[in-house]
Amino acid sequence: MKKSSGAILCLTTLAISGLLASCFFSDANHGSSRADAAPLALPATHILEESVQPVLAVPNLDPNKIELGKKLFHDGRLSHDNTIACATCHSLDKGGTDQAVHSTGIGGAQGGINSPTVLNSGANFVQFWNGRAATLEDQVNGPTHNPKEMGSDWPEIIGKLSKDEQYPAQFAKLYSDGVQPANVRDAIATFERSLSTPNSRFDKYLAGDENILTTQEKHGYRLFKEYGCVSCHQGSNVGGNMYQQFGVMANYFKDRRTPETDDDQGRFSVTKREQDRHVFRVPTLRNVALTGPYFHDGTATTLPQAVEVMAKYQLGRPLAPGELVDIVMFLQTLTGDQKGKS
Ligand code: HEC
Ligand code: HEC
(Lines give C-alpha, C1' and ligand atoms only; values in the text may rest on other atoms or scores of the structure.)
(Ligands and ions follow the chains in the order given, each with its own letter.)
Protein backbone atom coordinates (compact mmCIF):
# COMPACT_ATOMS: atom_id res chain seq x y z
CA MET A 1 0.00 0.00 0.00
CA LYS A 2 1.29 3.46 -0.86
CA LYS A 3 1.75 5.85 1.96
CA SER A 4 -0.54 8.87 1.63
CA SER A 5 1.29 12.12 1.36
CA GLY A 6 -0.37 14.51 3.77
CA ALA A 7 -3.29 15.80 5.73
CA ILE A 8 -5.19 17.18 2.73
CA LEU A 9 -5.01 13.91 0.89
CA CYS A 10 -6.12 12.17 4.07
CA LEU A 11 -9.21 14.32 4.24
CA THR A 12 -10.07 14.02 0.58
CA THR A 13 -9.82 10.25 0.66
CA LEU A 14 -12.26 9.71 3.49
CA ALA A 15 -14.13 7.08 1.53
CA ILE A 16 -11.00 5.14 0.66
CA SER A 17 -10.41 3.53 3.94
CA GLY A 18 -7.14 1.85 3.07
CA LEU A 19 -5.53 5.20 2.43
CA LEU A 20 -7.18 6.65 5.45
CA ALA A 21 -5.78 3.86 7.55
CA SER A 22 -2.33 4.79 6.39
CA CYS A 23 -3.08 8.46 7.09
CA PHE A 24 -3.89 7.55 10.66
CA PHE A 25 -0.82 5.44 10.84
CA SER A 26 1.56 8.06 9.56
CA ASP A 27 0.05 10.65 11.91
CA ALA A 28 0.75 8.38 14.78
CA ASN A 29 4.32 7.85 13.65
CA HIS A 30 5.18 11.37 12.63
CA GLY A 31 5.32 10.44 8.99
CA SER A 32 7.35 7.26 9.11
CA SER A 33 6.36 4.76 6.45
CA ARG A 34 5.02 1.26 6.87
CA ALA A 35 6.20 -1.63 4.74
CA ASP A 36 3.36 -3.94 3.81
CA ALA A 37 4.89 -7.15 5.10
CA ALA A 38 6.50 -5.71 8.21
CA PRO A 39 4.82 -6.43 11.54
CA LEU A 40 3.08 -3.37 12.90
CA ALA A 41 4.61 -1.36 15.65
CA LEU A 42 1.56 -0.17 17.54
CA PRO A 43 2.01 3.13 19.30
CA ALA A 44 -0.42 4.59 21.82
CA THR A 45 -2.47 7.08 19.80
CA HIS A 46 -4.70 9.42 21.75
CA ILE A 47 -6.35 10.93 18.67
CA LEU A 48 -7.36 7.50 17.51
CA GLU A 49 -8.63 6.42 20.90
CA GLU A 50 -11.06 9.28 20.73
CA SER A 51 -12.50 7.91 17.49
CA VAL A 52 -14.50 5.46 19.58
CA GLN A 53 -16.39 6.78 22.57
CA PRO A 54 -18.38 5.26 25.42
CA VAL A 55 -22.10 4.60 24.98
CA LEU A 56 -24.02 7.85 25.27
CA ALA A 57 -25.80 8.39 28.56
CA VAL A 58 -29.56 8.05 28.08
CA PRO A 59 -31.15 11.49 28.01
CA ASN A 60 -33.82 12.34 30.56
CA LEU A 61 -36.73 10.22 29.43
CA ASP A 62 -40.18 10.04 30.99
CA PRO A 63 -40.38 6.61 32.70
CA ASN A 64 -44.12 6.40 32.01
CA LYS A 65 -43.52 6.90 28.29
CA ILE A 66 -40.81 4.26 28.35
CA GLU A 67 -43.23 1.83 30.00
CA LEU A 68 -46.00 2.57 27.50
CA GLY A 69 -43.56 2.34 24.60
CA LYS A 70 -42.27 -0.99 25.86
CA LYS A 71 -45.81 -2.37 25.98
CA LEU A 72 -46.56 -1.14 22.44
CA PHE A 73 -43.25 -2.55 21.20
CA HIS A 74 -44.34 -5.99 22.40
CA ASP A 75 -47.98 -5.70 21.23
CA GLY A 76 -49.06 -7.85 18.25
CA ARG A 77 -52.07 -5.59 17.68
CA LEU A 78 -49.80 -3.21 15.79
CA SER A 79 -49.98 -5.83 13.03
CA HIS A 80 -52.98 -6.65 10.82
CA ASP A 81 -53.52 -10.18 12.15
CA ASN A 82 -52.34 -9.44 15.71
CA THR A 83 -49.46 -11.92 15.45
CA ILE A 84 -46.38 -9.78 14.84
CA ALA A 85 -44.96 -7.25 17.30
CA CYS A 86 -41.92 -5.03 16.88
CA ALA A 87 -40.24 -7.41 19.34
CA THR A 88 -40.86 -10.37 17.01
CA CYS A 89 -38.09 -9.04 14.76
CA HIS A 90 -36.22 -7.04 17.41
CA SER A 91 -36.17 -9.39 20.39
CA LEU A 92 -34.47 -7.95 23.43
CA ASP A 93 -33.40 -11.50 24.23
CA LYS A 94 -31.57 -11.66 20.89
CA GLY A 95 -29.56 -8.46 20.97
CA GLY A 96 -32.48 -6.42 19.56
CA THR A 97 -32.68 -8.51 16.36
CA ASP A 98 -34.36 -11.76 15.23
CA GLN A 99 -31.00 -13.44 14.55
CA ALA A 100 -32.35 -14.55 11.15
CA VAL A 101 -30.98 -13.88 7.66
CA HIS A 102 -34.24 -12.11 6.71
CA SER A 103 -37.26 -11.32 8.86
CA THR A 104 -40.64 -13.10 8.73
CA GLY A 105 -43.76 -10.92 8.87
CA ILE A 106 -47.52 -11.59 8.92
CA GLY A 107 -48.75 -14.75 7.21
CA GLY A 108 -45.16 -16.03 6.99
CA ALA A 109 -44.16 -13.27 4.54
CA GLN A 110 -40.41 -13.22 3.95
CA GLY A 111 -38.67 -9.85 3.96
CA GLY A 112 -35.59 -9.25 1.83
CA ILE A 113 -33.25 -7.57 4.29
CA ASN A 114 -31.62 -8.34 7.65
CA SER A 115 -33.15 -6.88 10.80
CA PRO A 116 -30.73 -4.45 12.49
CA THR A 117 -30.58 -4.10 16.26
CA VAL A 118 -32.78 -1.57 18.06
CA LEU A 119 -30.22 -1.39 20.89
CA ASN A 120 -28.57 2.05 20.88
CA SER A 121 -30.62 2.92 17.78
CA GLY A 122 -31.31 6.36 19.29
CA ALA A 123 -27.64 7.21 18.73
CA ASN A 124 -27.67 6.43 14.98
CA PHE A 125 -27.80 9.54 12.79
CA VAL A 126 -30.57 8.12 10.58
CA GLN A 127 -32.62 4.92 10.62
CA PHE A 128 -32.65 1.91 8.25
CA TRP A 129 -29.81 0.45 6.21
CA ASN A 130 -30.39 3.10 3.55
CA GLY A 131 -31.18 5.94 5.97
CA ARG A 132 -34.68 6.54 4.61
CA ALA A 133 -36.13 7.52 8.03
CA ALA A 134 -34.70 10.60 9.70
CA THR A 135 -35.89 9.78 13.23
CA LEU A 136 -37.06 6.87 15.36
CA GLU A 137 -40.54 8.41 15.32
CA ASP A 138 -40.67 8.39 11.47
CA GLN A 139 -39.27 4.87 11.44
CA VAL A 140 -42.38 3.41 13.14
CA ASN A 141 -44.47 4.16 10.03
CA GLY A 142 -42.31 1.73 8.05
CA PRO A 143 -42.91 -1.71 9.63
CA THR A 144 -46.51 -1.03 10.68
CA HIS A 145 -47.48 -0.39 7.04
CA ASN A 146 -45.13 -2.82 5.29
CA PRO A 147 -47.27 -5.67 3.87
CA LYS A 148 -44.41 -8.11 4.47
CA GLU A 149 -43.98 -7.02 8.09
CA MET A 150 -47.03 -5.88 10.08
CA GLY A 151 -49.37 -5.08 7.14
CA SER A 152 -51.58 -2.65 9.03
CA ASP A 153 -52.41 1.08 8.97
CA TRP A 154 -53.03 3.77 11.57
CA PRO A 155 -56.87 3.70 11.57
CA GLU A 156 -56.77 -0.08 12.18
CA ILE A 157 -54.11 0.18 14.91
CA ILE A 158 -55.74 3.11 16.69
CA GLY A 159 -59.11 1.30 16.50
CA LYS A 160 -57.70 -1.75 18.24
CA LEU A 161 -55.66 0.09 20.87
CA SER A 162 -58.63 2.34 21.76
CA LYS A 163 -60.67 -0.74 22.69
CA ASP A 164 -58.02 -1.98 25.11
CA GLU A 165 -58.83 -1.83 28.83
CA GLN A 166 -55.67 0.06 29.80
CA TYR A 167 -54.27 1.98 26.83
CA PRO A 168 -56.80 4.86 26.70
CA ALA A 169 -56.16 5.84 30.33
CA GLN A 170 -52.40 5.29 29.97
CA PHE A 171 -52.24 7.52 26.86
CA ALA A 172 -54.53 10.17 28.41
CA LYS A 173 -52.14 10.58 31.34
CA LEU A 174 -49.26 11.38 28.98
CA TYR A 175 -50.87 12.98 25.91
CA SER A 176 -53.77 15.43 25.89
CA ASP A 177 -55.18 13.94 22.66
CA GLY A 178 -55.00 10.33 23.87
CA VAL A 179 -54.51 7.31 21.57
CA GLN A 180 -53.17 8.90 18.38
CA PRO A 181 -50.59 7.73 15.80
CA ALA A 182 -48.10 10.48 16.74
CA ASN A 183 -48.33 9.43 20.40
CA VAL A 184 -47.81 5.75 19.57
CA ARG A 185 -44.71 6.80 17.61
CA ASP A 186 -43.51 9.05 20.44
CA ALA A 187 -43.90 6.37 23.12
CA ILE A 188 -42.18 3.67 21.05
CA ALA A 189 -39.31 6.02 20.11
CA THR A 190 -38.89 7.01 23.76
CA PHE A 191 -38.69 3.34 24.73
CA GLU A 192 -36.11 2.72 21.98
CA ARG A 193 -34.02 5.68 23.18
CA SER A 194 -33.88 4.00 26.59
CA LEU A 195 -32.24 0.92 25.05
CA SER A 196 -28.64 2.02 25.41
CA THR A 197 -26.21 -0.62 26.56
CA PRO A 198 -23.64 0.89 28.94
CA ASN A 199 -20.89 -0.84 30.96
CA SER A 200 -19.41 -2.97 28.19
CA ARG A 201 -15.91 -4.16 29.04
CA PHE A 202 -14.65 -1.91 26.27
CA ASP A 203 -16.32 1.17 27.80
CA LYS A 204 -14.73 0.33 31.15
CA TYR A 205 -11.40 0.23 29.33
CA LEU A 206 -12.08 3.63 27.75
CA ALA A 207 -12.94 4.94 31.21
CA GLY A 208 -9.44 4.01 32.35
CA ASP A 209 -9.60 0.39 33.54
CA GLU A 210 -6.64 -0.72 31.43
CA ASN A 211 -6.51 -4.22 32.85
CA ILE A 212 -10.08 -5.16 32.00
CA LEU A 213 -9.12 -6.14 28.43
CA THR A 214 -6.81 -9.03 27.62
CA THR A 215 -3.67 -8.45 25.57
CA GLN A 216 -5.40 -9.99 22.54
CA GLU A 217 -8.46 -7.76 22.89
CA LYS A 218 -6.27 -4.65 23.17
CA HIS A 219 -4.29 -5.79 20.15
CA GLY A 220 -7.57 -6.28 18.25
CA TYR A 221 -8.63 -2.74 19.11
CA ARG A 222 -5.30 -1.38 17.93
CA LEU A 223 -5.61 -3.22 14.63
CA PHE A 224 -9.18 -1.92 14.33
CA LYS A 225 -7.73 1.59 14.47
CA GLU A 226 -4.49 1.06 12.57
CA TYR A 227 -6.11 -0.75 9.65
CA GLY A 228 -8.85 1.85 9.33
CA CYS A 229 -12.00 0.03 10.47
CA VAL A 230 -12.40 3.05 12.71
CA SER A 231 -12.56 5.39 9.71
CA CYS A 232 -16.11 4.06 9.22
CA HIS A 233 -17.04 2.45 12.56
CA GLN A 234 -16.52 5.25 15.06
CA GLY A 235 -18.15 7.44 17.70
CA SER A 236 -20.24 6.25 20.62
CA ASN A 237 -22.03 3.63 18.51
CA VAL A 238 -18.84 2.40 16.78
CA GLY A 239 -20.81 3.11 13.59
CA GLY A 240 -24.17 4.69 12.78
CA ASN A 241 -22.82 8.16 12.00
CA MET A 242 -22.10 8.11 8.25
CA TYR A 243 -22.89 6.50 4.90
CA GLN A 244 -20.31 4.38 3.11
CA GLN A 245 -20.20 2.21 0.04
CA PHE A 246 -20.22 -1.56 0.59
CA GLY A 247 -17.37 -2.66 -1.68
CA VAL A 248 -14.91 0.24 -1.60
CA MET A 249 -11.91 -1.85 -2.64
CA ALA A 250 -13.58 -4.64 -4.67
CA ASN A 251 -17.03 -5.39 -6.08
CA TYR A 252 -18.83 -7.22 -3.27
CA PHE A 253 -22.08 -7.66 -5.20
CA LYS A 254 -20.44 -9.17 -8.25
CA ASP A 255 -18.46 -11.60 -6.10
CA ARG A 256 -21.57 -12.59 -4.10
CA ARG A 257 -22.90 -14.40 -7.19
CA THR A 258 -26.59 -13.97 -6.37
CA PRO A 259 -28.79 -11.52 -8.28
CA GLU A 260 -28.89 -7.99 -6.93
CA THR A 261 -32.16 -6.95 -5.28
CA ASP A 262 -33.71 -3.55 -4.57
CA ASP A 263 -32.49 -3.91 -0.99
CA ASP A 264 -28.90 -4.14 -2.28
CA GLN A 265 -29.07 -0.69 -3.85
CA GLY A 266 -28.75 1.08 -0.48
CA ARG A 267 -28.94 4.85 -0.46
CA PHE A 268 -29.55 4.88 -4.25
CA SER A 269 -33.15 3.76 -3.56
CA VAL A 270 -33.68 7.04 -1.70
CA THR A 271 -31.69 9.57 -3.75
CA LYS A 272 -31.61 7.91 -7.23
CA ARG A 273 -28.07 9.24 -7.60
CA GLU A 274 -25.67 6.78 -9.20
CA GLN A 275 -22.92 7.59 -6.69
CA ASP A 276 -25.22 6.35 -3.92
CA ARG A 277 -25.59 2.84 -5.33
CA HIS A 278 -24.51 0.22 -2.75
CA VAL A 279 -24.01 2.96 -0.17
CA PHE A 280 -25.32 2.06 3.29
CA ARG A 281 -25.41 3.67 6.68
CA VAL A 282 -22.47 2.13 8.50
CA PRO A 283 -24.01 -0.16 11.13
CA THR A 284 -23.23 0.07 14.84
CA LEU A 285 -20.84 -2.56 16.16
CA ARG A 286 -22.17 -2.26 19.72
CA ASN A 287 -23.34 -5.74 20.88
CA VAL A 288 -22.28 -7.11 17.50
CA ALA A 289 -21.47 -10.51 19.05
CA LEU A 290 -25.25 -10.95 19.57
CA THR A 291 -26.66 -9.56 16.32
CA GLY A 292 -25.67 -12.05 13.60
CA PRO A 293 -26.13 -13.04 10.87
CA TYR A 294 -24.41 -9.97 9.47
CA PHE A 295 -24.73 -7.40 6.67
CA HIS A 296 -27.91 -6.04 5.12
CA ASP A 297 -28.19 -9.29 3.15
CA GLY A 298 -27.45 -11.53 6.15
CA THR A 299 -24.81 -13.43 4.19
CA ALA A 300 -22.12 -13.56 6.90
CA THR A 301 -23.16 -16.16 9.44
CA THR A 302 -20.39 -15.55 11.94
CA LEU A 303 -18.42 -12.57 13.17
CA PRO A 304 -15.08 -13.85 11.81
CA GLN A 305 -16.73 -14.21 8.39
CA ALA A 306 -18.05 -10.65 8.57
CA VAL A 307 -14.65 -9.25 9.57
CA GLU A 308 -12.95 -11.16 6.76
CA VAL A 309 -15.38 -9.66 4.22
CA MET A 310 -14.80 -6.18 5.66
CA ALA A 311 -11.01 -6.56 5.40
CA LYS A 312 -11.27 -7.64 1.77
CA TYR A 313 -13.95 -5.29 0.45
CA GLN A 314 -13.58 -2.21 2.68
CA LEU A 315 -9.84 -2.23 3.37
CA GLY A 316 -8.47 -4.19 0.41
CA ARG A 317 -6.10 -6.20 2.55
CA PRO A 318 -6.18 -9.74 3.93
CA LEU A 319 -5.83 -10.20 7.68
CA ALA A 320 -3.46 -12.80 9.11
CA PRO A 321 -5.45 -15.49 11.00
CA GLY A 322 -4.21 -14.22 14.38
CA GLU A 323 -5.19 -10.66 13.51
CA LEU A 324 -8.68 -11.78 12.56
CA VAL A 325 -9.09 -13.59 15.89
CA ASP A 326 -7.89 -10.56 17.86
CA ILE A 327 -10.21 -8.15 16.04
CA VAL A 328 -13.15 -10.48 16.71
CA MET A 329 -12.12 -10.66 20.38
CA PHE A 330 -12.12 -6.88 20.54
CA LEU A 331 -15.58 -6.73 18.93
CA GLN A 332 -16.86 -9.13 21.59
CA THR A 333 -15.91 -6.61 24.30
CA LEU A 334 -18.56 -4.22 22.89
CA THR A 335 -21.43 -6.16 24.49
CA GLY A 336 -23.02 -3.97 27.18
CA ASP A 337 -25.80 -4.25 29.76
CA GLN A 338 -29.10 -5.27 28.15
CA LYS A 339 -31.79 -3.54 30.16
CA GLY A 340 -34.88 -4.81 28.37
CA LYS A 341 -33.75 -8.44 28.46
CA SER A 342 -36.18 -10.73 30.23
C1 HEC B 1 -41.18 -8.47 10.28
C2 HEC B 1 -40.02 -8.01 10.99
C3 HEC B 1 -40.01 -6.62 11.58
C4 HEC B 1 -40.97 -6.02 12.37
C5 HEC B 1 -42.32 -6.57 12.77
C6 HEC B 1 -40.43 -4.75 12.76
N7 HEC B 1 -39.19 -4.58 12.24
FE8 HEC B 1 -37.95 -3.04 12.59
N9 HEC B 1 -36.76 -3.67 11.13
C10 HEC B 1 -36.88 -4.86 10.43
C11 HEC B 1 -35.99 -4.86 9.31
C12 HEC B 1 -35.83 -5.99 8.31
C13 HEC B 1 -35.34 -3.62 9.33
C14 HEC B 1 -34.35 -3.10 8.30
C15 HEC B 1 -35.15 -2.55 7.14
C16 HEC B 1 -34.34 -1.67 6.23
O17 HEC B 1 -33.35 -1.11 6.65
O18 HEC B 1 -34.74 -1.51 5.06
C19 HEC B 1 -35.82 -2.91 10.50
C20 HEC B 1 -35.34 -1.66 10.94
C21 HEC B 1 -35.72 -1.07 12.13
C22 HEC B 1 -35.07 0.05 12.74
C23 HEC B 1 -33.87 0.77 12.21
C24 HEC B 1 -32.64 0.33 12.94
C25 HEC B 1 -31.41 0.79 12.26
O26 HEC B 1 -30.32 0.57 12.78
O27 HEC B 1 -31.48 1.39 11.17
C28 HEC B 1 -35.75 0.34 13.89
C29 HEC B 1 -35.44 1.43 14.91
C30 HEC B 1 -36.84 -0.60 13.98
N31 HEC B 1 -36.77 -1.46 12.89
C32 HEC B 1 -37.82 -0.58 14.94
C33 HEC B 1 -39.02 -1.27 14.79
C34 HEC B 1 -40.25 -0.96 15.49
C35 HEC B 1 -40.42 0.16 16.50
C36 HEC B 1 -41.18 -1.87 15.09
C37 HEC B 1 -42.63 -1.96 15.48
C38 HEC B 1 -43.47 -0.80 15.22
C39 HEC B 1 -40.52 -2.74 14.13
N40 HEC B 1 -39.23 -2.32 13.96
C41 HEC B 1 -41.11 -3.83 13.54
C42 HEC B 1 -37.73 -5.88 10.77
C43 HEC B 1 -38.90 -5.69 11.49
C1 HEC C 1 -15.23 2.10 4.21
C2 HEC C 1 -16.03 1.93 5.38
C3 HEC C 1 -15.85 0.68 6.24
C4 HEC C 1 -14.69 0.15 6.72
C5 HEC C 1 -13.27 0.64 6.51
C6 HEC C 1 -15.08 -0.99 7.51
N7 HEC C 1 -16.43 -1.13 7.51
FE8 HEC C 1 -17.47 -2.57 8.49
N9 HEC C 1 -19.16 -1.95 7.55
C10 HEC C 1 -19.27 -0.88 6.68
C11 HEC C 1 -20.56 -0.89 6.06
C12 HEC C 1 -21.09 0.12 5.05
C13 HEC C 1 -21.24 -2.02 6.56
C14 HEC C 1 -22.63 -2.50 6.15
C15 HEC C 1 -22.50 -3.34 4.90
C16 HEC C 1 -23.84 -3.90 4.48
O17 HEC C 1 -24.33 -4.80 5.15
O18 HEC C 1 -24.40 -3.44 3.49
C19 HEC C 1 -20.33 -2.65 7.51
C20 HEC C 1 -20.63 -3.79 8.24
C21 HEC C 1 -19.80 -4.36 9.20
C22 HEC C 1 -20.15 -5.46 10.05
C23 HEC C 1 -21.50 -6.15 10.10
C24 HEC C 1 -22.40 -5.47 11.10
C25 HEC C 1 -23.81 -5.95 11.07
O26 HEC C 1 -24.52 -5.65 12.03
O27 HEC C 1 -24.25 -6.58 10.10
C28 HEC C 1 -19.05 -5.74 10.83
C29 HEC C 1 -18.94 -6.81 11.89
C30 HEC C 1 -18.02 -4.82 10.45
N31 HEC C 1 -18.51 -3.99 9.46
C32 HEC C 1 -16.74 -4.78 10.99
C33 HEC C 1 -15.70 -4.09 10.41
C34 HEC C 1 -14.28 -4.30 10.74
C35 HEC C 1 -13.77 -5.22 11.82
C36 HEC C 1 -13.57 -3.50 9.91
C37 HEC C 1 -12.08 -3.44 9.74
C38 HEC C 1 -11.43 -4.72 9.44
C39 HEC C 1 -14.52 -2.76 9.09
N40 HEC C 1 -15.79 -3.17 9.41
C41 HEC C 1 -14.17 -1.81 8.16
C42 HEC C 1 -18.28 0.05 6.44
C43 HEC C 1 -16.94 -0.14 6.73
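Predicted model: local features only at pLDDT ≥ 70, side-chain atom pairs only at ≥ 80, totals over all residues.

User: Okay, overall picture then. How many helices and strands does the chain have?

Analyst: There are 16 helices and two strands.

User: And what share of the residues is buried?

Analyst: Of the 342 residues in the chain, 44% are buried. As for contacts between residues at least 6 apart in sequence, 66% of them link residues at least 24 apart.

User: Which residues come nearest to ligand 1?

Analyst: Phe 128 again, along with Cys 86, Cys 89, Ser 103 and Pro 143; the shell around ligand 1 has 28 residues.

User: Which element gives the largest share of that shell?

Analyst: α5, with three residues. At least two residues each come from α5, α6, α7 (141-145) and α10.

User: How does the shell divide by class?

Analyst: Around ligand 1 you get 15 nonpolar residues, 11 polar ones and two charged ones.

User: Changing topic: where does Val 238 lie, and what is its phi?

Analyst: Val 238 is in the loop between α12 (215-226) and β1 (243-245). Its phi is positive, near 50°, and it is a residue other than glycine.

User: Buried or exposed, that one?

Analyst: Val 238 counts as buried, because it has 28 C-beta neighbours inside 10 Å.

User: Which residues does the cis peptide bond join?

Analyst: Gly 292 and Pro 293, with omega about -5°. Pro 293 belongs to the loop between β2 (279-281) and α15 (303-315).

User: Now helix packing. What angle do α4 and α10 make?

Analyst: About 100°, with the axes 7 Å apart. α4 and α10 are therefore roughly perpendicular to each other, since 65 to 115 degrees counts as that.

User: Which residues meet there?

Analyst: From α4, Lys 65, Ile 66, Leu 68, Gly 69, Lys 70, Leu 72 and Phe 73; from α10, Val 184, Ala 187, Ile 188, Thr 190 and Phe 191. By class, the contact of α4 with α10 holds eight nonpolar, two polar and two charged residues.

User: Which residues of α4 are buried?

Analyst: In α4 (residues 63-73), Lys 65, Ile 66, Leu 68, Gly 69, Lys 70, Leu 72 and Phe 73 are. Their cover includes α5, α9 (167-174) and α10 (181-193).

User: Last one: how do α12 and α16 cross?

Analyst: The axes of α12 and α16 (residues 321-332) come within 7 Å and cross at roughly 100°. The two helices, α12 and α16, are therefore roughly perpendicular to each other.

User: Which residues make that contact?

Analyst: On α12 they are Gln 216, Glu 217, His 219, Gly 220, Tyr 221, Leu 223 and Phe 224, and on α16 they are Glu 323, Asp 326, Ile 327, Met 329 and Phe 330. The contact of α12 with α16 has six nonpolar, three polar and three charged residues.

Conventions
Residues numbered from 1 in each chain as written. Chains lettered and ligands numbered in written order. Helix = DSSP H or I, 4+ residues; strand = E, 2+ residues; numbered from the N terminus. Buried ≥ 20, exposed ≤ 12 C-beta atoms within 10 Å, placed from the backbone. Contact = placed C-beta atoms within 7 Å. Near = placed C-beta within 6 Å. Nonpolar A, V, L, I, M, F, W, Y, C, P; charged D, E, K, R; others polar. Axes fitted to C-alpha atoms, helices over the stretch in contact; angles between N-to-C directions. Parallel < 35°, antiparallel > 145°, perpendicular 65-115°, else oblique.
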